[in-house]
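Visitor: I have a new structure open and would like someone to walk me through it. Could we go through it piece by piece?

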Amino acid sequence: MATDRDTVLLAAVGLLSRQPTAAMDEIARAAGISRATLHRLFPGRDALLHEIATFALQRMEAALDTAAVDEGDPVEAVRRLADAIIPDAELVAFLSGESKLFEDDTITDGWDRIDARVAALFLRGQQSGAFRIELPSSWLSEAFFALLAGVGWAVQDGRLAVRDSTRALTELFLGGAVRRD
């Protein structure tokens with residue numbers, strides 16, 4: 001039976017989000033594979049963390065592409081982005097919380113590219129009058145990702161239902177970001 005790397009990565013995220021110091025054998029058990037198989041896939045903990053981060057960044061880039069954040073009404077683009085990225089909220093939460101990953105330039109460069117795209121969405125929204133102008137677009141991006149990570153943790157811990165997560169994210173975020181005259 002072939003081992004699906006994505007399934008192993010998601011199982012690792014599920015465990016490491018709750019138990020950041022979990023050993024490789026615990027991660028293997030959570031993924032339903034042997035420790036030897038885990039080590040064949042990822043030669044060590046650092047390799048596993050790097051692979052999770054790369055996977056998370058790829059999924060985030062895909063969500064940005066799917067949401068077409070450069071097109072249309074900025075408020076609707078945020079809603080499309082939330083719809084596209086909510087399935088990966090747990091990955092974003094993990095990526096946000098694993099400080100060791102920020103020692104890796106390829107990971108920080110990837111995060112910076114994603115953050116720049118989202119900040120550009122908010123700047124476009126500010127320029128069109130949709131978003132508040134007294135808040136820097138870079139801060140709006142930071143706030144969006146912080147709320148997204150919060151959704152990931154809340155869903156994982158059972159404090160927020162998956163079916164309510166997109167609405168919770170968009171309503172809370174847009175409630176503070178949308179310009180009111």
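Visitor: Which residues is Leu169 in contact with, leaving aside its neighbours within four places in sequence?
Guide: This is a predicted model, and in it Leu169 is in contact with Ala82, Ile86, Phe144, Leu147, Leu148 and Val151 once those sequence neighbours are left aside.

Visitor: And where is Leu169 found?
Guide: Leu169 is found in helix H9, and with a relative accessibility of 1% it counts as buried. The C-alpha atoms of Leu169 and Phe145 are 9.9 Å apart in space, while the two residues are 24 apart in sequence.

Visitor: Let's turn to the rings. How many aromatic pairs does a search of the whole structure find?
Guide: The search finds 6 aromatic pairs. One of them joins Phe122 and Phe131 in an edge-to-face arrangement, with 5.4 Å from centre to centre and 70° between the planes. Phe122 and Phe131 are both buried.

Visitor: What kind of pair do Phe122 and Phe144 form?
Guide: Phe122 and Phe144 form a tilted pair, with the centres 6.4 Å apart and an angle of 55° between the planes. That pair links distant parts of the chain, since Phe122 belongs to helix H7 (residues 105-128) and Phe144 to helix H8 (residues 137-156), 22 residues apart.

Visitor: Why does Phe122 count as buried?
Guide: Phe122 counts as buried because its relative accessibility is 0%, and the cut-off for that word is under 20%. Phe144 is buried as well, with a relative accessible area of 1%.

Visitor: Which residues do the ring pairs link into a cluster?
Guide: The ring pairs link Trp111, Phe122, Phe131, Phe144, Phe145 and Phe173 into a cluster.

Visitor: OK, on to the core. How many residues does the largest nonpolar core have?
Guide: The largest nonpolar core has 61 residues, and those with the most contacts inside it are Ile27, Ile52, Met60, Leu95, Phe131, Phe145 and Phe173. Helix H4, which covers residues 45-67, gives the most to this core, with 11 residues.

Visitor: Is Ile52 buried or exposed, by the way?
Guide: Ile52, which lies in helix H4, is buried, with a relative accessible area of 0%. Not counting residues up to four places away in sequence, Ile52 touches Leu9, Ala12, Val13, Leu16, Leu91 and Phe94. The C-alpha atoms of Ile52 and Arg5 are separated by 9.9 Å, although these residues are 47 apart along the chain.

Visitor: What about Leu95, which residues is that one in contact with?
Guide: Leaving aside its neighbours within four places in sequence, Leu95 is in contact with Ala53, Ala56, Leu57, Met60, Leu101, Phe102, Ile107 and Trp111. Leu95 is among the buried residues of H6, together with Ala89, Leu91, Val92, Ala93 and Phe94. The buried residues of H6 pack against helix H1 (5-18), H4, H5, H7 and H8.

Visitor: Back to H7, then. How many residues does H7 have, and how far does it reach?
Guide: H7 has 24 residues and reaches 34 Å from its first C-alpha to its last, which is close to the 34 Å expected at 1.5 Å a residue. The buried residues of H7 include Trp111, Asp115, Phe122 and Gln126, and what covers the buried residues of this helix includes H4, H5, H6, H8 and H9. After H7 comes Gly129, which has a positive phi near 90°.

Visitor: At what angle do the axes of H5 and H7 cross?
Guide: The axes of H5 and H7 cross at roughly 155° and come within 9 Å, so H5 and H7 are roughly antiparallel to each other. The contact is made by Pro74, Ala77, Val78 and Leu81 on the H5 side, and by Val118, Leu121, Phe122, Arg124, Gly125 and Ser128 on the H7 side.

Visitor: And Ala68, where does that lie?
Guide: Ala68 lies in the loop between H4 and H5, and although Ala68 is not a glycine, its phi is positive, at about 50°.

Visitor: Last one: how far apart in space are Ala47 and Arg180?
Guide: Ala47 and Arg180 are 47 Å apart in space, C-alpha to C-alpha, and 133 residues apart in sequence. Ala47 is found in helix H4 and is partly exposed, with a relative accessible area of 28%.

Notes: Residues are numbered from 1 along each chain as its sequence is written. This is a predicted model: local features need pLDDT of at least 70, side-chain atom pairs count only at pLDDT 80 or more; totals for chains, interfaces and linings use all residues. Side-chain values use heavy atoms; hydrogens and water are left out. Rings of Phe, Tyr and Trp (its six-membered ring) pair if their centres lie within 6.5 Å; planes under 30 degrees apart count as stacked, over 60 as edge-to-face and the rest as tilted. Buried means under 20% relative accessible area, exposed over 50%, partly exposed in between (1.4 Å probe, protein chains only). Helices (H or I, at least four residues) and strands (E, at least two) are DSSP runs, numbered from the N terminus. A nonpolar core is a set of buried Ala, Val, Leu, Ile, Met, Phe, Trp, Tyr and Cys residues joined through side-chain atoms within 4.5 Å. Contact means heavy atoms within 4.5 Å. The expected span of a helix is 1.5 Å times one less than its number of residues. Axes are lines fitted to C-alpha atoms, for helices over the stretch in contact, and angles run from 0 to 180 degrees between N-to-C directions. Angles under 35 degrees count as roughly parallel, over 145 as roughly antiparallel, 65 to 115 as roughly perpendicular and the rest as oblique.
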